[in-house]
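Visitor: I would like to learn how the features of a structure such as this one are read. Could you take me through them in turn?

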Amino acid sequence: MLERDTPSPSRRSRRGFLKAAALGSAAVALPALPVSGQERAGRRLGAGVSGYGARSRFEVATRRVRGARYDQAAGSLTPLQDLDGAITPSALHFERHHAGIPDIDPAEHRLAIGGLVDRPLVFTMAELRRLPAVNRVYFIECSGNGRVKWSPAQPDTDAQGAFGMTSCSEWSGVPLSVLLREAGVRPEARWLVAEGADACRMTRSVPLDKAMDDVLVAWGQNGEALRPAQGYPLRLLIPGWEGNISIKWLRRMQLVDRAWQTREETSKYTDLMPNGEARQFTFVMDAKSVITRPSGGQRLDGPGFYQISGLAWSGRGRVRAVEVSTDGGGSWVEAQLQDPVLPLAHTRFRLDWRWDGSPVTLVSRCIDETGDRQPTRDALIAARGLRSSYHNNALQAWRIRADGGVENVDV
Ligand SMILES: Nc1nc2c(c(=O)[nH]1)N[C@H]1C(S)=C(S)[C@@H](COP(=O)(O)O)O[C@H]1N2
Ligand SMILES: [Mo]
């Protein structure tokens with residue numbers, strides 16, 4: 001597989017890398033394979049087909065539940081360290097609910113639009129699905145993602161524990177602007193207030209210019225219906241902004257002249273600054289990145305070739321570059337970005353690397369298309385103080401010990 005007839009220059013150097021790393025064992029002609037458990041059992045027909053697929057029983061990546069499993073205000077974290085590519089499998093999309101997951105029959109669900117509009121409207125799911133739909137790949141990230149970085153690094157924190165409150169899916173739905181044009185927004189309207197159908201009736205105010213821009217009213221996730229945890233049958237998807245504003249189980253939207261100052265906009269989801277004042281409506285998620293391989297809790301199998309790989313994203317648009325340091329931030333090299341690099345979506349980066357077996361500290365740094373770049377933890381704390389728990393996008397570093405173990409450190 002590694003040998004090619006006409007190697008391109010990059011292939012040639014890759015091959016050199018692997019040769020030097022002596023990956024795999026040498027064999028002459030057709031290598032004999034070790035006898036597997038399946039072979040020992042004798043050659044038998046495999047399993048048949050099924051109506052809805054399940055992964056291999058050997059695959060074990062799971063969401064990690066924060067708090068008690070049956071706590072309805074709990075959250076669960078995407079196992080970023082176990083994923084490939086940029087899309088999060090729906091079954092592993094992180095969850096954050098404030099009052100549990102409601103059980104909604106789509107045949108009974110309605111979406112109402114009212115307030116400062118010419119024509120108040122009520123849609124059934126079937127009516128919504130007749131409208132001009134689009135697919136868009138977007139991440140959703142809780143503004144509390146990276147919260148652990150306000151405290152000094154704990155060695156045993158892994159990528160999931162530190163950054164698992166972000167996931168990226170292909171969403172299907174209708175642009176909110178289509179619905180708003182249908183309703184006819186009155187000139188006095190400045191904000192849109194969206195309400196969920198869960199027990200807490202989660203409610204957030206959305207500025208009208210964002211509502212008319214790239215917001216989706218989504219029913220699809222990765223080609224099928226939304227998962228109940230993601231808002232089945234209907235959610236708001238407000239790309240690039242803190243996850244809390246993407247109201248799940250969406251049932252009502254009102255056009256209003258000012259923000260409603262809901263609980264989620266006053267006591268929660270505000271950032272207390274060093275001077276004691278709180279920042280409000282800090283919507284945009286800043287540029288972030290995390291190396292997922294190698295990352296905390298993993299172990300390198302001795303010196304040699306490894307591909308450093310991770311995810312980067314920004315609520316301001318596309319990722320322009322990801323820089324990786326293997327010396328704790330002393331020097332940086334640019335990683336390769338995996339196509340397609342989409343705005344407001346997770347972007348996978350990769351860097352071919354050889355570990356010489358000595359202790360090293362790996363760091364990644366995201367620079368987005370607006371030039372916004374991740375700060376060091378010290379720089380972030382100097383600007384923001386230590387009194388907020390949201391919106392921490394400080395650099396993440398992993399220390400590789402001489403024994404190959406990987407642990408969480410600050411740089
Ligand atoms: N109706 C409703 N919408 C909600 C929430 C909720 O509890 N109820 N949680 C919010 C929060 S805090 C986040 S981070 C995102 C999480 O979306 P997810 O669970 O699909 O990952 O949904 C937001 N929308
Ligand atoms: Mo959140």
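Guide: Let us begin with charges placed over rings: a charge sits over a ring if NZ of Lys or CZ of Arg is within 6 Å of the ring centre and within 35 degrees of the ring normal. The model here is predicted, and in it Arg365 lies over the face of Trp332, at 4.0 Å from the ring centre.

Visitor: Which arginine lies over the face of Trp171?

Guide: That residue is Arg235, placed at 5.7 Å from the centre of the ring. Arg235 is also among the closest of the 20 residues that surround ligand 1, a list that includes Phe94, His98, Asp198 and Lys248 as well.

Visitor: Which atoms of Arg235 and ligand 1 come together, and at what distance?

Guide: An N or O atom in the side chain of Arg235 is 2.8 Å from an oxygen atom of the ligand. A polar side-chain atom of His93 lies 3.2 Å from an oxygen atom of ligand 1, whereas for Arg96 the polar atom belongs to the backbone, at 3.0 Å from a ligand oxygen. As for cover, ligand 1 has 530 Å² of accessible area on its own, and the protein covers 100% of that area.

Visitor: How many aromatic pairs does the structure hold?

Guide: There are 5 aromatic pairs. In one of them Phe281 and Phe283 are tilted, with 5.7 Å from centre to centre and 40° between the planes. Phe283 counts as buried because its relative accessibility is 9%, and the cut-off for that word is under 20%. Phe281 and Phe283 also belong to one aromatic cluster together with Trp191 and Trp241.

Visitor: What are the distance and the angle in the pair of Tyr306 and Trp353?

Guide: Tyr306 and Trp353 form a tilted pair, with the centres 6.4 Å apart and the planes at 45°. This pair links distant parts of the chain, since Tyr306 belongs to strand 17 (residues 304-313) and Trp353 to strand 21, 47 residues apart.

Visitor: Is Tyr306 buried or exposed?

Guide: Tyr306 is buried, because its relative accessible area is 17%.

Visitor: Let us turn to the backbone. Which residue has a phi near 45°?

Guide: That is Arg201, in which phi takes a positive value although the residue is not a glycine. Arg201 is found in the loop between strand 8 (191-196) and strand 9 (203-207), and it counts as partly exposed because its relative accessibility is 37%.

Visitor: Where is His391 placed, and is it buried or exposed?

Guide: His391 is in the loop between helix 7 (377-384) and strand 23 (396-400), and with a relative accessible area of 3% it is buried. Its phi is near 55°, again a positive value in a residue other than glycine.

Visitor: What is the form of the peptide bond from Tyr232 to Pro233?

Guide: For a peptide bond one looks at omega, and the bond from Tyr232 to Pro233 is cis, with omega near 5°. Pro233 lies in the loop that runs between strand 11 (224-225) and strand 12 (235-237). The bond from Asp339 to Pro340 is likewise cis, with omega near -10°, and Pro340 lies in the loop between strand 20 (336-337) and strand 21 (347-355).

Conventions: Residues are numbered from 1 along each chain as its sequence is written. Chains are lettered from A and ligands numbered from 1 in the order in which they are written. This is a predicted model: local features need pLDDT of at least 70, side-chain atom pairs count only at pLDDT 80 or more; totals for chains, interfaces and linings use all residues. Side-chain values use heavy atoms; hydrogens and water are left out. Helices (H or I, at least four residues) and strands (E, at least two) are DSSP runs, numbered from the N terminus. Buried means under 20% relative accessible area, exposed over 50%, partly exposed in between (1.4 Å probe, protein chains only). Rings of Phe, Tyr and Trp (its six-membered ring) pair if their centres lie within 6.5 Å; planes under 30 degrees apart count as stacked, over 60 as edge-to-face and the rest as tilted. A residue is near a molecule or strand if one of its heavy atoms lies within 4 Å of it. A polar contact is a pair of N or O atoms within 3.5 Å; within protein, one must be able to donate a hydrogen and the other to accept it, and residues adjacent in sequence count only if both atoms are side-chain atoms. Accessible areas come from the Shrake-Rupley method with a 1.4 Å probe; for residues, only the protein chains shown count as cover.
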